[in-house]
Amino acid sequence: MAVMSRVTIERDAIRSFQHFRWAEMPDAKRPIDPKTAIPYYPDTIWSRLRLSSKNHVDVPVRIGRDILHLLVSHPTPPVFDGPEDRNGALIHDEIMFWIHYLDNDPSALRWLIDDDRRKGGLATGKPFVLMGDLNADPDEGSGRREAIRRLLDHDRVNDVRPRASASEPGGDVDEPRNSKTADFGRNGLMRVDYVVPGKNLVTVDSGVFWPSPDDPRRQWISASDH
């Protein structure tokens with residue numbers, strides 16, 4: 001996972017939560033074996049598991065006199081597990097992390113602590129953009145949808161649903177399906193990738209690049225299903 005920027009990254013102010021423990025999340029969705037009703041992870045393992053599949057990072061970038069916070073993560077897909085739904089539970093809480101980070105409730109000072117021991121979430125009024133392959137569609141797919149819905153409905157978030165380019169198969173660029181960002185073949189199109197601004201930013205435009213199969217630009221994205 002990488003962030004590349006044409007503007008200055010304020011490296012000393014980056015906050016990383018790579019070592020944050022899953023068990024430290026309020027109301028963490030600890031996986032349970034449905035056959036035995038026993039936690040899938042024993043206590044000794046559960047207490048040590050990290051929340052982030054890769055990382056949760058707040059990357060401040062300087063644009064003129066202003067600082068914009070890039071809130072970046074790449075949770076696990078909610079599949080490739082068993083009946084205990086350990087990946088489904090994990091991705092739910094990986095997304096819930098950002099809800100807590102934006103809430104910045106005073107109680108978070110007791111548990112929301114980054115890798116450099118700095119405490120709390122993102123202060124009210126700070127401009128931000130949520131970015132990343134969150135592997136969660138609010139309406140479709142196998143995942144638990146409550147967390148991504150709550151994140152997109154957060155009172156600090158402006159969910160500007162992007163519209164696909166006119167060459168997207170299916171026609172009308174105003175159709176809700178054209179906000180989809182990944183083509184998973186027989187599992188269909190899903191919205192799992194996000195660049196979502198805070199409400200205190202002015203959004204000029206948004207879009208998803210979906211060249212049709214006969215468009216020569218198709219080869220630009222042939223290396224990925226996203």
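Colleague: What are the ground rules for the numbers?

Modeller: This is a predicted model, in which local features need pLDDT of at least 70, side-chain atom pairs count only at pLDDT 80 or more, and totals for chains, interfaces and linings use all residues. Residues are numbered from 1 along each chain as its sequence is written, and side-chain values use heavy atoms, with hydrogens and water left out.

Colleague: Why is S52 called buried?

Modeller: Buried means under 20% relative accessible area, exposed means over 50%, and partly exposed is in between (1.4 Å probe, protein chains only). S52 has a relative accessible area of 10%, so the residue counts as buried. S52 sits in the loop between α1 (43-46) and β5 (56-63); helices (H or I, at least four residues) and strands (E, at least two) are DSSP runs, numbered from the N terminus.

Colleague: What makes the pair S52 and H56 a polar contact?

Modeller: Their side chains are joined at 2.5 Å. A polar contact is a pair of N or O atoms within 3.5 Å; within protein, one must be able to donate a hydrogen and the other to accept it, and residues adjacent in sequence count only if both atoms are side-chain atoms. The 2.5 Å value is therefore within the cut-off. Leaving aside residues up to four places away in sequence, S52 also touches F17 and E94, where contact means heavy atoms within 4.5 Å.

Colleague: How do you know that R15 and D114 form a salt bridge?

Modeller: The N to O distance between their side chains is 2.7 Å. A salt bridge needs a side-chain nitrogen of Lys or Arg within 4 Å of a carboxyl oxygen of Asp or Glu, so this pair qualifies. R15 is in strand β2 (residues 15-16) and D114 in the loop between α2 (86-103) and β7 (128-133), 99 residues apart. Both residues are buried, and R15, D114, D116 and R118 are linked in a network of salt bridges. The whole structure has 11 salt bridges.

Colleague: Why is the R144 and D85 pair said to tie together separate parts of the sequence?

Modeller: Their side chains meet in a salt bridge of 2.9 Å, N to O. R144 is in the loop between β7 and α3 (146-152) and D85 in the loop between β6 (66-73) and α2, so the pair ties together parts 59 residues apart in sequence. R144, at 30% relative accessible area, is partly exposed, as is D85 at 21%.

Colleague: What makes β5 and β6 paired strands?

Modeller: Two strands pair if DSSP finds at least two bridges between them. β5 and β6 have 8 in the antiparallel sense, so they pass. V61 has L68 in β6 as its bridge partner. The two strands form a hairpin with 2 residues between them, and G64 in the turn has a positive phi of about 65°. On β6, 6 of its 8 residues are buried.

Colleague: How do you know that the length of α2 agrees with what a helix should span?

Modeller: The expected span is 1.5 Å times one less than the number of residues. For the 18 residues of α2 this gives 26 Å, and the end C-alpha atoms are 26 Å apart, so the two agree. Of those 18 residues, 16 are buried. Just after α2, N104 takes a positive phi of about 50°.
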